[in-house]
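Tutor: Let's work through this model together, one question at a time.

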Amino acid sequence: MKKKDKTNVMRVLDSKKITYTEHYYGDTDAISGMEVIEALGQEPDRAYKTLVTTGKTGTHYVFMVPVAEELDLKKAAKAVGEKSIEMLKSKELLGLTGYIHGGCSPIGMKKLFKTMIQNGADQHDTIMFSGGKIGFQVELAFEDLKKVVPVEMADICK
């Protein structure tokens with residue numbers, strides 16, 4: 001895949017006429033959020049990873065946390081009103097969301113899941129997250145993300 005290619009995330013943003021910046025890092029071996037941000041020369045506190053979980057009730061949730069942070073499962077469960085949650089198994093990710101590990105984005109999933117983001121996301125002019133494929137990140141205003149995904153803020157990090 002080349003930089004000029006559009007991902008599903010970019011097509012969704014284009015269809016809603018939302019301004020974004022695409023970042024391509026496909027010429028590196030970067031996989032983890034921190035490696036990706038280092039490859040792009042960006043600030044880690046504005047860059048988010050997308051994590052998919054399953055609650056005790058069987059409901060799935062999406063959490064967006066800064067790449068340098070870790071999701072606190074207890075805080076996350078409390079934020080969505082579950083007794084407990086656990087990370088979705090990697091092998092189940094593609095079938096549920098349409099995305100693979102390392103390329104999961106909150107935008108363009110097969111279904112719309114309740115999505116939570118770490119408090120403070122609205123303090124940045126723009127935030128970054130996966131563009132829906134390994135090698136791509138998108139950057140846009142938090143308010144614009146809310147136009148596509150009904151995301152709520154909560155304290156969900158360790």
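Student: Which residues does T126 touch, not counting residues up to four places away in sequence?
Tutor: This is a predicted model, in which local features need pLDDT of at least 70, side-chain atom pairs count only at pLDDT 80 or more, and totals for chains, interfaces and linings use all residues. Residues are numbered from 1 along each chain as its sequence is written, and side-chain values use heavy atoms, with hydrogens and water left out. Contact here means heavy atoms within 4.5 Å. With residues up to four places away in sequence set aside, the partners of T126 are R46, E139, L140 and A141.

Student: With which side chains does the side chain of T126 make a polar contact?
Tutor: A polar contact is a pair of N or O atoms within 3.5 Å; within protein, one must be able to donate a hydrogen and the other to accept it, and residues adjacent in sequence count only if both atoms are side-chain atoms. At 2.7 Å, the T126 side chain has such a contact with R46. At 2.6 Å, it has another with E139.

Student: Is T126 buried, partly exposed or exposed?
Tutor: Helices (H or I, at least four residues) and strands (E, at least two) are DSSP runs, numbered from the N terminus, and T126 sits in the loop between β5 (114-118) and β6. The classes are buried for under 20% relative accessible area, exposed for over 50%, and partly exposed in between, with a 1.4 Å probe and protein chains only. T126 has 21% relative accessibility, so it is partly exposed.

Student: In what order do the three strands of the open sheet come?
Tutor: Two strands pair if DSSP finds at least two bridges between them. The three strands form an open sheet with antiparallel pairing, and their order is β1-β7-β6.

Student: Which strands of that sheet stand at the edges?
Tutor: From one strand to the next, this sheet has a twist that averages 30°; axes are lines fitted to C-alpha atoms, for helices over the stretch in contact, and angles run from 0 to 180 degrees between N-to-C directions. An edge strand has a single partner, so one of its sides has no neighbour in the sheet; this is the case for β1 (21-24) and β6.

Student: At about what angle to β7 does α1 run?
Tutor: The helix lies across β1, β6 and β7. Its angle to β7 is about 25°.

Student: Which strands do the buried residues of α4 pack against?
Tutor: Those residues are L93, L96 and T97. They are on the same side of α4 because they cover an arc of only 85° around the axis, the arc being that of the directions from the helix axis to the C-beta atoms. On the other side of α4, K91 and G95 are exposed. The strands that the buried residues pack against are β2 and β3.

Student: And α2, what covers its buried residues?
Tutor: In this helix (residues 33-40), V36, I37 and L40 are buried. Their arc around the axis is only 95°, which puts them on the same side of α2. What covers them includes β1, β6 and β7.

Student: What phi does K17 have, although it is not a glycine?
Tutor: Most residues other than glycine have a negative phi, and most peptide bonds are trans. K17 lies in the loop between α1 and β1, and it counts as exposed because its relative accessibility is 74%. Its phi is positive, at about 55°.

Student: Which residue just after α4 takes a positive phi?
Tutor: α2 is followed by G41, with a positive phi near 65°. Just after α4, a positive phi of about 90° belongs to G98.
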